[in-house]
Amino acid sequence: AENLDMSSTEGKSCALCGKPAAQRCPTCVQMNLPPAYFCSQDCFKKAWPAHKASHVPAGTTASTVASALASKSTAEPWLVDRPEFLNFDFTGPLRPAKLSPKRVVPPEIPRPDYADDPEGESKLENEHRASHTIAVATPEQIEIMREVGKLAGKVVAETGRFLKAGMTCDQVDEFVHNLIVSEGAYPSPLNYKGFPKSCCISLNEVICHGIPDATVIKDGDIINLDITVFYKGHHVDVNETWLVGNVDEKYKKLVKVTYECLEMAIESCKPGQLYRNIGEIISKHAHKNGYSVVRAFCGHGIGQLFHAAPNIPHYAKNKAIGVMKPGHIFTIEPMINEGNYREKIWPDDWTAVTADGKRSAQFEHTLLVTETGVEIISKRPWGTYLDRESGPK
């Protein structure tokens, strides 16, 4: 869900409970639709899964979609499956494609509390949302996180070997899903706040949270795979950006610099380090190479909760709270853009693309602060992102 627009609510009632309205849906306002009104953020969140279906341009029906297709010199057949994108102003060349049904996790596999919630809400996360307290993992929790991290690293590495130009993003999601489930684990993104797939796949101008669909992966693409594994009651998060076939040198550089940003940030982690300093380190290296740092998304605490304190911005002069201590477990996941840092959200309410349509890259690890430094919990079993097509050395 998004932050609410607080203006123009006089005389209006909450669409959910009927109380006097204090806020209105910003997406409705942005799309010039009749605004929906709510009394509080809580009512807005509860109404969101059903309400977001109304975010379709006025007059959009099956017949208007067909008419729009017929009137175009080059038809956009994906509009038949994704009518919410009709008349959407795309920033780059990527377009959505058909979505397959949500995949099923066998009932015997333990799952997070949001997995079967109709709205994908985690009660545990919501209870801790306002807290700035950073959990200190116990020795038992650390051992579990190492076990989950080993599995997460394996999934990334094995998926890298599997992925080829000519595949669809949906085929990659299916591979990830089946691999995680075969290990008795749950793919954390599935149904988290309603997310419909088992991993995030972000191509080219997509910054993050791309929904795997029937889009074909092409030679020359850069593609980010973001996976999170839930096992033994704990989550571990990791992602890599890969080069597909013959990638232009300028995009190879973008990916390389993004990887270096993460490596430099990890090297700085130790007891006593301020969380706000991470953004300074990342920004310095990105800006030196002519790139920008995304501000809208940040690293986060992780463990029994998918997202927890601390929040870790990747940009300079941020106001992150907290100091690293042994036992802290969190992610660092810089998103580095070829152009400016701003983002635009697609009408699927997840996919974040660069506002100027230029490419973006990202890398992520789950990290444990030790007594003397830092340990990479989610380390892949061999090589780096450059070795994705090879096996163990």
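**Ground rules**

I am working on a predicted model, where local features need pLDDT of at least 70, side-chain atom pairs count only at pLDDT 80 or more, and totals for chains, interfaces and linings use all residues. Residues are numbered from 1 along each chain as its sequence is written, and side-chain values use heavy atoms, with hydrogens and water left out.

**Confidence**

I checked pLDDT, the predictor's confidence in each residue from 0 to 100. The chain averages 91, and 90% of the residues score at least 70. Over residues 1-6 the pLDDT is below 50, and that stretch has 23 contacts in the model beyond near neighbours in sequence. A contact here means heavy atoms within 4.5 Å.

**Salt bridges**

I searched the whole structure and got 16 salt bridges, each a side-chain nitrogen of Lys or Arg within 4 Å of a carboxyl oxygen of Asp or Glu.

Asp170 sits in helix 7 (residues 169-182) and Lys197 in the loop between strand 3 (186-187) and strand 4 (200-203), so the pair ties together parts 27 residues apart in sequence. Lys197 is buried as well, at 1% relative accessible area. Shared partners join Arg103, Asp170, Asp173 and Lys197 into one network of salt bridges.

Next I looked at Arg82 and Asp213, whose side chains form a salt bridge at 3.8 Å, N to O. Arg82 is in the loop between helix 4 (78-81) and helix 5 (123-128), and Asp213 is in the loop between strand 5 (206-208) and strand 6 (222-231), so this pair ties together parts 131 residues apart in sequence. Arg82 counts as buried at 4% relative accessibility, and Asp213 is buried at 6%.

Glu147 and Lys232 pair at 3.1 Å, N to O.

**Cysteines**

I found zero disulfides, counting a pair of cysteine sulfur atoms within 2.5 Å as one. Cys169 is buried, at 4% relative accessible area. For Cys298, the closest cysteine sulfur is in Cys208, 10 Å away and too far for a bond. Cys298 is partly exposed, at 28%.

**Helix 9**

My last stop was helix 9 (residues 277-288), whose 12 residues should span 16 Å at 1.5 Å a residue; the end C-alpha atoms are 17 Å apart, which agrees. I took the expected span as 1.5 Å times one less than the number of residues. Its buried residues are Ile278, Gly279, Ile282, Ser283, His285 and Ala286. Among the elements covering them are helix 8 (249-267) and strand 10 (308-312). After helix 9 comes Gly290, with a positive phi near 85 degrees.

Terms used. Helices (H or I, at least four residues) and strands (E, at least two) are DSSP runs, numbered from the N terminus. Buried means under 20% relative accessible area, exposed over 50%, partly exposed in between (1.4 Å probe, protein chains only).
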